[in-house]
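Here is a short report on one protein model. Look over the sequence and the fold before reading on.

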Amino acid sequence: MSTKVISNQPAIFVILTALYLHSVAIAEIIRVPEDFSVIQAAINAALEGDTILISDGTYTGSGNRNLNFNGKNLVLMSVNGPEYTVLDGERNGRCLELRNGEDRSSIIRGLMFRNF
């Protein structure tokens with residue numbers, strides 16, 4: 001009598017790949033100021049892996065300084081680069097801090113920070 005062993009390895013690979021692609025596919029783009037008037041509100045609403053896209057302008061005041069990703073790995077980026085998108089700390093704290101376990105998948109791109 002022979003015993004036939006059927007491997008579930010290909011099925012497991014397909015299931016894990018589908019789950020990964022689903023998680024990547026559901027990442028959202030949140031726009032400031034179109035969806036949220038201040039950056040911190042967009043960060044607070046974001047889920048792991050989301051992108052916060054910031055329109056041209058100078059962002060000041062509460063909700064636009066002392067930004068905190070709150071442990072979520074996010075992409076924070078401008079539409080047109082640092083020449084057009086400024087986060088001004090108004091010499092009142094920091095512009096941005098990542099200190100709650102965020103990792104290298106957090107990306108900050110195309111922003112100018114000043115007066116922090």
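Val 32 is in contact with Ser 37, Val 38, Ile 39, Ala 42, Ile 52, Leu 53, Ile 54, Ser 55 and Tyr 59, leaving aside its neighbours within four places in sequence. The model is predicted. Val 32 is also one of the residues that touch the most other members of the largest nonpolar core. That core holds 16 residues. Ile 39, Ile 43, Ile 52, Ile 54 and Leu 76 share this standing with Val 32. Strand E1, helix H2 (39–45) and strand E2 each supply at least two residues of the core. The largest share, 3 residues, comes from H2. As a general rule, nonpolar side chains in soluble globular proteins tend to be buried together.

Pro 33 is found in the loop between E1 and H2. Most peptide bonds are trans.

**The sheets**

What is the strand order in the open sheet of 4 strands? The order is E1-E2-E5-E8, with parallel pairing. Strand E1 (29–32) and strand E8 (107–109) are the edge strands, and each pairs on one side only. From one strand to the next, the twist averages 15°. Within this sheet, Ile 30 stands opposite Ile 52 in E2.

Gly 57 has Thr 85 in E6 as its bridge partner. In general, strands of a sheet pair through backbone hydrogen bonds, either parallel or antiparallel.

| Strand pair | Sense | Bridges |
|---|---|---|
| E1 and E2 (residues 51–54) | parallel | 4 bridges |
| E3 and E6 (residues 85–88) | parallel | 3 bridges |

**A serine in a loop**

Ser 106 is found in the loop between strand E7 (96–97) and E8. Is Ser 106 buried or exposed? Ser 106 counts as buried because its relative accessible area is 12%, and the cut-off for buried is under 20%. The side chains of Ser 106 and Asn 73 are joined by a polar contact of 2.9 Å. Not counting residues up to four places away in sequence, Ser 106 touches Phe 69, Lys 72, Asn 73, Leu 74 and Leu 98.

**Positive phi**

Phi of Glu 90 is near 50°, a positive value in a residue other than glycine. Glu 90 lies in the loop between E6 and E7. Its relative accessible area is 38%, so Glu 90 is partly exposed.

Asn 115 also has a positive phi, near 55°, and is a residue other than glycine. Its place is in the segment after E9. Asn 115 counts as partly exposed because its relative accessibility is 26%. Partly exposed covers the range between the buried limit of 20% and the exposed limit of 50%. Most residues other than glycine have a negative phi.

Terms used
Residues are numbered from 1 along each chain as its sequence is written. This is a predicted model: local features need pLDDT of at least 70, side-chain atom pairs count only at pLDDT 80 or more; totals for chains, interfaces and linings use all residues. Side-chain values use heavy atoms; hydrogens and water are left out. Two strands pair if DSSP finds at least two bridges between them. Axes are lines fitted to C-alpha atoms, for helices over the stretch in contact, and angles run from 0 to 180 degrees between N-to-C directions. A nonpolar core is a set of buried Ala, Val, Leu, Ile, Met, Phe, Trp, Tyr and Cys residues joined through side-chain atoms within 4.5 Å. Buried means under 20% relative accessible area, exposed over 50%, partly exposed in between (1.4 Å probe, protein chains only). Contact means heavy atoms within 4.5 Å. A polar contact is a pair of N or O atoms within 3.5 Å; within protein, one must be able to donate a hydrogen and the other to accept it, and residues adjacent in sequence count only if both atoms are side-chain atoms.
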